[in-house]
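User: I would like to go through a few local features of this model, one at a time. Please give the cut-offs as the terms come up.

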Amino acid sequence: MVLLSWVISYLIGSISFSYIISKKIAGIDIRSHGSGNAGATNTLRVLGKGPAILVLLLDAAKGLLAMGITHLLTGGDPVAYAMSGLFAIAGHNWPIFFGFRGGKGIATTLGVALGFSPLAFLIGAVLAVVTIAITRYVSLGSLILVSVLPVAIYVLDKPNAFVWTSLALAVFAYIRHYNNIRNLLAGNERKLGDRSHRKLG
């Protein structure tokens, strides 16, 4: 049942709400616009606040749903539960339904963080929001979130599986944000509120 739960988690993560919503609303492939990323931030730049908020909430729900299903299927096995969150993020980043071209996994990571510990989630989310509010760099706030999360989970004495998995998802996030990190260091990173030039026909 553990392997089945991980497969289900990956498939749930592979549902690209950014792609689906952009197709429904504007008839576009979000990956061909803005940053080319299938996630909430690019949805904000291309389609605006409403669709972006919807994508954010649905992508976060993927992580929670995957972990909830795993909890039921495995009788609460903490390792299976934690890893299912990682598989959901992997599905979001590399979705089997959409040619393995997905997002960067931060919204889904929010859902996974909430599943690990509401308090750790709150600590990471607050620090991320404050960082974004001050700098207007969503990527920097995202990296702050994933960096703080394993520390908070460890300090709160959560299961070791949660700590190690949160470290793994931080590595995922840093890999996916490689270009953003380069842009941040070079001073070329786009700030929140910078709108993409739309090519919607």
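User: Is serine 139 buried or exposed?
Analyst: This is a predicted model, where local features need pLDDT of at least 70, side-chain atom pairs count only at pLDDT 80 or more, and totals for chains, interfaces and linings use all residues. Residues are numbered from 1 along each chain as its sequence is written, and side-chain values use heavy atoms, with hydrogens and water left out. Buried means under 20% relative accessible area, exposed over 50% and partly exposed in between, with a 1.4 Å probe and protein chains only. Serine 139 has a relative accessible area of 6%, so the residue is buried.

User: Which side chain does the side chain of serine 139 join in a polar contact?
Analyst: Serine 139 lies in helix 8, residues 138-155 (helices are DSSP runs of H or I, at least four residues, and strands runs of E, at least two, numbered from the N terminus). Leaving out residues up to four places away in sequence, serine 139 touches His177, Asn180, Leu184 and Glu189, where contact means heavy atoms within 4.5 Å. A polar contact is a pair of N or O atoms within 3.5 Å; within protein, one must be able to donate a hydrogen and the other to accept it, and residues adjacent in sequence count only if both atoms are side-chain atoms. At 2.8 Å, the partner side chain is that of glutamate 189.

User: How are helix 1 and helix 4 oriented?
Analyst: Helix 1 (residues 2-13) packs against helix 4 (residues 49-74) with axes 9 Å apart and an angle of about 165°. Axes are lines fitted to C-alpha atoms, for helices over the stretch in contact, and angles run from 0 to 180 degrees between N-to-C directions. Angles under 35 degrees count as roughly parallel, over 145 as roughly antiparallel, 65 to 115 as roughly perpendicular and the rest as oblique. Helix 1 is therefore, relative to helix 4, roughly antiparallel.

User: At what distance does the side chain of serine 117 reach the backbone nitrogen of alanine 120?
Analyst: Serine 117 sits in the loop between helix 6 (106-116) and helix 7 (118-135), and counts as buried at 2% relative accessibility. Leu156 and Lys158 are touched by serine 117, not counting residues up to four places away in sequence. From the serine 117 side chain to the backbone nitrogen of alanine 120, the distance is 3.1 Å.

User: What separation do the C-alpha atoms of leucine 47 and valine 7 have?
Analyst: Leucine 47 belongs to helix 3, residues 40-47, and is buried because its relative accessible area is 13%. Valine 7 is 40 residues apart from leucine 47 along the chain, and their C-alpha atoms are separated by 32 Å.
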